[in-house]
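Student: I have a new structure to look at, and I'd like to learn how to read it. Could we go through it together?

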Amino acid sequence: MKTVNFTTRSPAQELVTLMKNSNAVNDGVKFGDGSVKPVMRVRERGERIFITCEMVGGASRDNGFIVGTFFLGRVRERGGETSVRGIILTAPLFHLIMLSLIGVFIYQCIRLGGFSIIPVCIALFGFLLMKNEYKKQGIIKRYIARAIRRLDEKEQSET
């Protein structure tokens, strides 16, 4: 989980419009070897904004693991400043199921008085399974920061 807290002098609607255009924000940015590129899906409902990240162009389809990695937050404009605040989560349903499963195994180990390697293996498997999904948290945070920076640069060049 990552928190996002950015401010800019640009209007909120311009920022949301720019964030909806993934190509404009990611123009000129290289992602790894260049074959896989993140595409952001932005939905808005009033001040609330929901951004999901999908990796496109790889050998396999990015399915998002139940819910996937997403940003949930608000874009507010007050006193000439626009603030973007929210959190980035990775597969909360998957993590809830995994934590409850590990909790049951730990309870069983304590109740039976022995140690089991199964919870350790499940935790390791969960981390390896979600490794690429965790990387999307940083990608989404940098995407939002890049959108704000591009909009600020655009407004500075106009003045």
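This is a predicted model: local features need pLDDT of at least 70, side-chain atom pairs count only at pLDDT 80 or more; totals for chains, interfaces and linings use all residues.

Student: Which residues make the contact?

Tutor: Helix 1 brings Glu-14, Leu-15, Leu-18 and Met-19. On the helix 4 side you'll find Tyr-143, Ile-144, Ala-147, Ile-148, Arg-150, Leu-151, Lys-154 and Glu-155. Sorted by class, this contact of helix 1 with helix 4 has eight nonpolar residues, four charged and no polar ones.

Student: What about helix 3 and helix 4, at what angle do they cross?

Tutor: Roughly 170°, and the axes of helix 3 (residues 92-112) and helix 4 come within 9 Å. Angles over 145 degrees count as roughly antiparallel, so helix 3 is roughly antiparallel to helix 4. Here the crossing of helix 3 with helix 4 is left-handed.

Student: Where does helix 4 meet helix 3?

Tutor: Through Ile-118, Pro-119, Ile-122, Ala-123, Gly-126, Leu-129, Met-130 and Tyr-134 of helix 4. Their partners in helix 3 are Phe-94, His-95, Met-98, Leu-101, Ile-102 and Phe-105. This contact of helix 3 with helix 4 divides into 12 nonpolar residues, two polar and no charged.

Student: On to the rings. How many aromatic pairs are there?

Tutor: Two aromatic pairs. To read one, look at the ring centres and the planes: for Phe-50 and Phe-70, the centres are 5.2 Å apart and the planes are at 35°, so the pair is tilted. This pair links distant parts of the chain, as Phe-50 sits in strand 3 (residues 48-56) and Phe-70 in strand 4 (residues 69-78), 20 residues apart.

Student: Is Phe-70 buried or exposed?

Tutor: Phe-70 counts as buried, because its relative accessibility is 7% and the cut-off for buried is under 20%.

Student: And what are Phe-127 and Tyr-134 like as a pair?

Tutor: Their ring centres are 6.0 Å apart with planes at 25°, so the pair is stacked. Phe-127 is partly exposed, with a relative accessible area of 46%. Tyr-134 is partly exposed too, with a relative accessible area of 28%.

Note on methods: Residues are numbered from 1 along each chain as its sequence is written. Side-chain values use heavy atoms; hydrogens and water are left out. Contact means heavy atoms within 4.5 Å. Helices (H or I, at least four residues) and strands (E, at least two) are DSSP runs, numbered from the N terminus. Ala, Val, Leu, Ile, Met, Phe, Trp, Tyr, Cys and Pro count as nonpolar, Asp, Glu, Lys and Arg as charged, and the others, Gly among them, as polar. Axes are lines fitted to C-alpha atoms, for helices over the stretch in contact, and angles run from 0 to 180 degrees between N-to-C directions. Angles under 35 degrees count as roughly parallel, over 145 as roughly antiparallel, 65 to 115 as roughly perpendicular and the rest as oblique. A crossing is left-handed if the near helix is turned anticlockwise from the far one by less than a right angle, and right-handed if clockwise. Rings of Phe, Tyr and Trp (its six-membered ring) pair if their centres lie within 6.5 Å; planes under 30 degrees apart count as stacked, over 60 as edge-to-face and the rest as tilted. Buried means under 20% relative accessible area, exposed over 50%, partly exposed in between (1.4 Å probe, protein chains only).
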